[in-house]
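Please look over the sequence and the model below before reading on.

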Amino acid sequence: MMSILLVFTVLNIGHWKRGGVIVSDIQSYYSYLPAIFIYDDLSFQYKYEEDTPDVVKNNLWYLETADGEPVQKMSSGLALLYSPFFFVAHATAGSFGYDPNGYSPPYQLALTLSSVFYAILSMFVMRAILLRFFSDTTSATTIAILYAGTNLFYYIMNESAMSHNYSVFIITLIIYSTLKWSDSINIKRTFLVGLLCGLAVLVRPINGLVVLFPILYFMVKSGGVKQSFDLLLEPKVLFPAFLGGFLGILPQLIYWKAATGDWIYYSYNEEGFFLSDPQFLKGLFSFRKGWLIYTPLMILGLIGLIPLYKKHKALAVPTIVILPIYMYVIFSWWCWWYGGSFGMRAMIDMYPFLALGLAATIHWVLNQRKTVLTVNFYALIVIGIGLNQWQTYQYRKGIIHWDGMTKEAYKAIFWHANYPPNYDSYIDRPDYDAAKRGDR
């Protein structure tokens, strides 16, 4: 049912018809594919050639090294995940009367469909994970909340090719592969876990924190720290895991070496972290982008870490360790609100872990076997999903401002389908230049 909803919605919205998919950060994520397979120029200088179509020139941008060499800001992991859909688009664009330039509607549609494809795969894999520990009802409810009741829905449907949905896919695979690996440790499964962790980093470098999940899960499950470390450090485990991880990030290392002369390169230039000043409260509760303001159902995921720890400690401990570290890092980023976005988009990457907490909360409620509690609980879920769908609509229409929301603005637009009078007076745009200097 969720799969049908996703496919119908994304085709109905039709961003791909208007060139609305390959925009903003996606221009950078995607740029590797046309540069390699159409223009044969990873220096991106084809942007300046006279016969290059305007649609290509207008969608291509990059940064420069200190020596003036062109370098892409974003890593290449998403290009890798886009690539099967890109190849189909490139092979068929001309047959449908479109210019095979990498940016015409078939390519836009291809990225949109890739988002839906990986979302659907994620749901099936997540269901397989949840059914190992919870009932079918609990698993189905968890998936419904995650994919219809959070800002993940928006990032599958509207800004389809952004990194977050793809991170959810890779991290969900890591959790599933870790469970299978811990059931029976062998070289093939160890290599796969390492490879997936490397790919997670290739998609979004901060995803490197997920490498803690297989380590901590195994340590807690086995019940002995020394015994666990001894096994993890054995060559038959350490080598294939390291090899898999290295191969996962190797495409980026090769690109950086070719583009900059260095194997490892910080491509964000003047953008950085203020690790002594993380904006936890703003990131969680501000009306500008507060995660729990715009995605309140995820409170259930946090609450659920308590019963998850009591029932499934091996799942809970890695989540409890990874989550605060991840939040500390993302809220230390100079632009803690992450530009124009619906809610706190940076938190979406953690939803596979928080799905475990969601399921634990749902299981606890259903296990009470109290009709009134269950009915009220599901009513709360329906209201939460409805609120998310409504606010998604408001954000798409610009009623929820992309980066300038305030408490007054939120109150003025709540349940309204149109702009309130004097809307601009409620909006408080952030100062991006000041934020880069630390005044956030």
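Which elements do the buried residues of H13 pack against? They pack against helix H3 (32–37), S2, helix H9 (163–183), helix H10 (187–203) and helix H12 (225–232), where helices (H or I, at least four residues) and strands (E, at least two) are DSSP runs numbered from the N terminus. The model is predicted, so that local features need pLDDT of at least 70 and side-chain atom pairs pLDDT 80 or more, while totals for chains, interfaces and linings use all residues. Residues are numbered from 1 along each chain as its sequence is written, and side-chain values use heavy atoms, leaving out hydrogens and water.

Helix H13 (residues 235–260) bends by about 45 degrees at Ile249, with Pro251 following within four residues; the bend is the angle between axes fitted to the seven residues ending there and the seven starting there. Among the buried residues of H13 are Gly248, Gln252 and Tyr255, buried meaning under 20% relative accessible area, exposed over 50% and partly exposed in between (1.4 Å probe, protein chains only). Phe242, also in H13, counts as exposed because its relative accessibility is 58%.

Gln72 sits in the loop between strand S2 (70–71) and helix H5 (77–92), and it is buried, with a relative accessible area of 0%. Beyond its neighbours within four places in sequence, Gln72 is in contact (heavy atoms within 4.5 Å) with residues including Phe44, Tyr255 and Ser267.

The table gives two distances for its side chain.

| Partner of the Gln72 side chain | Distance |
|---|---|
| Ser28 side chain, polar contact | 2.5 Å |

Notes: Polar contact = N/O pair within 3.5 Å; in protein donor to acceptor, adjacent residues only side chain to side chain.
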